[in-house]
Amino acid sequence: PLGSDVILARDETRFVFRVGPRGGIELTRGAGADATTFTRSAHPEGEPLRALEAGRESEALARYRALQAAHRDDDALRAERFDALATHLLDRRLDAAAAARVFRVGAALHPESASLAAGLALALLRQHRRAEAAPWMERAKALEARAALPEMESILLRARLARLTRAYAGA
């Protein structure tokens, strides 16, 4: 680091991070005529993940749906991203309530995802909410039976369903 907003990479490439004129984040790579600036604009309502983190699920879901409609192929809106984030919250941070919020929004955006349904059921079980978990567990099993997944995804889903079944039996 050369300062609070400047980093010099090993290959001598200079990176400058700052807040842009409209409130978004700007990253400038290089210097002078060779500089390239990337801007991430700030949405007036804020990022939906921040709303979700604050427990405002319906607001986050509405914003994610608008983003999904505008950017159908955005990797940040894929079911796998929601699954990875929620799984991290559930298994690494041990925050079942936060994981359940992410799984719930992900499942609403991707109703075809057995993995998100199973994850939500597991997060609800961790919160001792067995009655709420039951329909999600059944939904996950029904979706898994119909899903044509790549082999690795199928293995991971079956492992999650087995884990869910054991947790449900022990709850």
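**Figure 1. Contacts of Ala-51 in the predicted model.** Beyond the residues up to four places away in sequence, Ala-51 touches Arg-56, Glu-59 and Ala-60. The model shown here and in the other views is predicted. Ala-51 sits in helix H1. Its relative accessible area is 3%, and Ala-51 therefore counts as buried, the cut-off being under 20%. Between the C-alpha atoms of Ala-51 and Leu-61, which are 10 residues apart along the chain, the separation is 9.1 Å.

**Figure 2. The largest nonpolar core.** This core has 39 residues. Tyr-64, Phe-82, Leu-90, Phe-103, Val-105 and Leu-164 are those with the most contacts inside it. Two or more residues each come from helices H1 (48-53), H2 (57-70), H3 (79-92), H4, H5 (114-126), H6 (130-146) and H7 (151-170). The most come from H5, which gives 10 residues. In soluble globular proteins, nonpolar side chains tend to be buried together.

**Figure 3. Surroundings of Leu-90.** Leaving aside residues up to four places away in sequence, Leu-90 touches Asp-95, Ala-96, Ala-99, Phe-103, Leu-122, Ala-123 and Arg-126. Both Leu-90 and Phe-103 are listed among the core residues with the most contacts.

**Figure 4. Helix H7 and its two sides.** H7 has 20 residues and spans 29 Å from its first C-alpha to its last, close to the 28 Å expected at 1.5 Å a residue. Buried in this helix are Ser-154, Leu-157, Arg-160, Leu-161, Leu-164 and Tyr-168. Viewed down the axis of H7, the buried residues fall within an arc of 125°, so they line one face of the helix. The cover over these buried residues includes H3, H4, H5 and H6. On the other side of H7, the exposed residues are Glu-151, Met-152, Leu-156, Arg-166, Ala-169 and Gly-170.

Figure 5. Strand E1 (residues 6-8) and strand E2 (residues 14-19) run antiparallel and are joined by three bridges. Val-6 has Val-16 in E2 as its bridge partner. Five residues lie between the strands of the E1 and E2 hairpin, where Glu-12 takes a positive phi near 75°. E2 also pairs with strand E3 (residues 25-29), in the antiparallel sense and over five bridges. There, Arg-18 has Glu-26 in E3 as its bridge partner.

**Figure 6. Confidence along the chain.** The mean pLDDT of the chain is 88, with 92% of its residues at 70 or more. Confidence is highest in helix H4 (residues 96-109), at a mean of 97, and lowest in strand E4 (residues 36-40), at 75. Where pLDDT is low, the predicted coordinates should not be read in detail.

Terms used
Residues numbered from 1 in each chain as written. Predicted model: local features only at pLDDT ≥ 70, side-chain atom pairs only at ≥ 80, totals over all residues. Heavy atoms only, no water. pLDDT = per-residue confidence, 0-100. Helix = DSSP H or I, 4+ residues; strand = E, 2+ residues; numbered from the N terminus. Core = buried A, V, L, I, M, F, W, Y, C linked by side-chain atoms within 4.5 Å. Buried < 20%, exposed > 50% of the residue type's maximum accessible area, 1.4 Å probe, protein only. Contact = heavy atoms within 4.5 Å. Expected span 1.5 Å × (residues − 1). Arc of directions from axis to C-beta. Pairing = 2+ DSSP bridges.
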